[in-house]
Amino acid sequence: MLATPERRSRRTRQSTRSGAKLDLRRTIRAARRSGGDASSLVYARRRPRPRRLVFLCDVSGSMEPYTQVFLSLLQGAVAGAQAEAFVFSTRLTRLTRQLSNRNADEALALGAAAARDWAGGTRLAESLQRFIDGHGRRGLARGAVVVVLSDGWAQDAPELVDAQMARLRRLAFRIVWVNPRKAGTDFQPLAGGMAAALPYCDAFVSGHNYAALAEAATAIRAQRSRPARGRGNGRVGQLNRSGKEKHD
């Protein structure tokens, strides 16, 4: 099952004094029950909860060999981990409701029917912008782990992809990019959209088959490896032209 790093929620739970803060409200309530005698102080700490998980999956023509594998991943994440799922080609489509069906075959059929631009071109920057404007800034991307599944072959100008990835980076806790073509022996992340997006990613994995998706799951669980703001500070920003990391 996919899991994300935890964050502290606003809700609290009663705790021992060690590492916790005094819960004045609970202390007062306890004092009232004992006739106003606050002889017992109550402490609390904020409850941990998993971060939201959001998938943005490219279903354009160039991704067609991998679409079935990735949609199966999305269906399992939505049904099992309450993830949010979007697909994009020439437009963005939210498939969370369709993929929440626990019958995998029915869920995938509903998802395919809802995305009318299946196997079309790739409007990466435009799709990112629609996600951020329509969903991300309203809360879906704030503090979330955002997973983009795409080969980065975009029709948009690289500077447009750069601008939208910068916006997404300011919202998300962590960005994981899954590119199935990374598994190729001669792969170089030089495609316009991919090259523009890469400096903003925390992790860059292939996920080209079910076995390789385990690497993606590990990247999703990981903690932040970069500062919250700024460009090119993460480990992925240090990739060399062969697609392999440089080690200092």
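1. A charge is said to sit over a ring if NZ of Lys or CZ of Arg is within 6 Å of the ring centre and within 35 degrees of the ring normal. By that rule the charged end of R181 sits over the ring of W153, 4.2 Å from its centre, and the charged end of R51 sits over the ring of F173, 3.8 Å from its centre.

2. This is a predicted model, in which local features need pLDDT of at least 70 and side-chain atom pairs count only at pLDDT 80 or more, while totals for chains, interfaces and linings use all residues. Residues are numbered from 1 along each chain as its sequence is written, and side-chain values use heavy atoms, with hydrogens and water left out.

3. The structure holds two aromatic pairs (rings of Phe, Tyr and Trp, the last by its six-membered ring, pair if their centres lie within 6.5 Å; planes under 30 degrees apart count as stacked, over 60 as edge-to-face and the rest as tilted). The ring centres of F86 and F131 are 5.1 Å apart and the planes stand at 75 degrees, so this pair is edge-to-face. Both F86 and F131 are buried (under 20% relative accessible area, with a 1.4 Å probe and protein chains only).

4. F187 and F204 form a tilted pair, at 6.0 Å centre to centre and with 45 degrees between the planes. Both F187 and F204 are buried as well.

Terms used:
Buried < 20%, exposed > 50% of the residue type's maximum accessible area, 1.4 Å probe, protein only.
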